[in-house]
Amino acid sequence: MGRAQDLHTTDILDIILNSAYEGIAVVNKEGIIVEFNEAYSRFIGVDKKDAIGCPVSEVIDNTNLHHTVKSGISERGVIQYIQGQPMVVHRIPLWKDGELVGAVGMLIFEGVTELYRIYERFLEKKALTGNLSSQERLEERKETNSTIEQIIGTSDSIANLKRMTRKVAKTEATVLITGESGTGKEMFAHSIHDLSHYNQGPFISVNCGAIPEHLFESELFGYEEGAFTGAKKGGKPGKFELAASGTIFLDEIGEMPQMMQTKLLRVLQEKMFERVGGVKQIQLKARVITATNRNLKEMVLAGTFREDLYYRINVIELNIAPLRNRQEDIPILIAHYLTEICKKYDMAEKEITVDAISSLMSYEWYGNVRELANIIEKVVILTEENIIDSHHLPNYIKRQHFSQIPTLSPINQLKKEEDNKEKEMLIQSLKESLGNKSKAADRLGIHRTTLYKKLKKHGLQ
């Protein structure tokens, strides 16, 4: 039939590699080049057939790819000089089942000079159309200062969440952020605030699980003088007033008492509220963002959370995946916190071994990013050496890592022992025969062809 039906997976991979505008090189865990596309070949003047099978450090100038397969830490958008020309490159480790199996290096531009040309074309366009508008300057400042740039991760789920965050920030939609404790719900809420037109006002965060039930109403809506025994003279504004022209973030909203759920629903519907003991209506001028680590749908079915409030706050849901479901983010987070914590305590920057990273990637991380940050801080403080290895990690992390290493079945274990014995016999026979394979075969009572097959099997040729 058609030519497309004749294509194999390897053919498709070759087409992708060689059609890519960027130079692409892939190395195995020993730092040996296993894939090398034509763009890279043309740029450095080395034939693909001469590059594959060679150590990457002998083929590409000033490469760090052989270090990437040892550290397991990615580098994105860094400068590398190749044949005297500055290049923008990515170096990304390749993990499989918690084991570092290789790394890929990519040239993002033909050179920094091209990046400059792109920027110059942008300036030329602006020179023709006039200076940046005030709105463009505002958008540029928002993006530069946004908390969203501090959210670490390159997984698809994090990339999609960032994309959604940028979209919803420009709207008035009510957002519900869901996810386990420690996943960074407040950072996403702060990002929405930073990227919205509410960013000129304050960001007020309220933990609904930390407020005693009898103080809830006065904390959120404030109170008038004389509203209750002990009320301050002149009264006190609540969180909704303090958040005027800004954002109020109601964290752990699943912990909100049902009486307050009813009052909150009315405020969201009418955009008005009153202080405790007051009669004056105050307009809601803040954006409301909520978050929870609980399953609100189940709470609605159980009758512990108002269904109408659930649909009012859940116009847009941002669900943050737990860290154990996005393992590719773990090495990047480790690298980030290693650098940040060493700076925090004014220490020389420490390195971490691949074995340690592998152990950390195998851990379940029920405390998510918050737990990872705490573990890295702990090992940085307690490790006297400059290199953090797996034995420096807490015992419960090491135990889980080793418990996940698959054990051989009794039959396979026996086969492995027999293979080891056979290999020892071959080595001993060759040694006694001074390397003469015919004599070694006679000693073992096997044909010389059989000996060659066994030597090849055990890598002794």
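Q: What makes up the contacts in the chain with a separation of 6 or more?
A: A contact means heavy atoms within 4.5 Å. Residues 24 or more positions apart account for 62% of those contacts. This is a predicted model, where local features need pLDDT of at least 70, side-chain atom pairs count only at pLDDT 80 or more, and totals for chains, interfaces and linings use all residues. Residues are numbered from 1 along each chain as its sequence is written, and side-chain values use heavy atoms, with hydrogens and water left out.

Q: How many helices and strands does the chain have?
A: Helices are DSSP runs of H or I with at least four residues, strands are runs of E with at least two, and both are numbered from the N terminus. The chain comes to 21 helices and 16 strands.

Q: Why are S7 and S10 called paired strands?
A: Two strands pair if DSSP finds at least two bridges between them. Five bridges join S7 to S10 (residues 247-251), so they meet that definition, and they run parallel. Here Ile-204 stands opposite Ile-248 in S10.

Q: Which sheet do S7 and S10 belong to?
A: They sit in an open sheet of five strands with parallel pairing, in the order S7-S10-S13-S6-S14.

Q: What makes S7 and S14 edge strands?
A: Strand S7 (203-207) and strand S14 (316-319) each pair on one side only.

Q: What share of the chain is buried?
A: Buried means under 20% relative accessible area, with a 1.4 Å probe and protein chains only. Of the 461 residues in the chain, 41% are buried.

Conventions
Buried means under 20% relative accessible area, exposed over 50%, partly exposed in between (1.4 Å probe, protein chains only).
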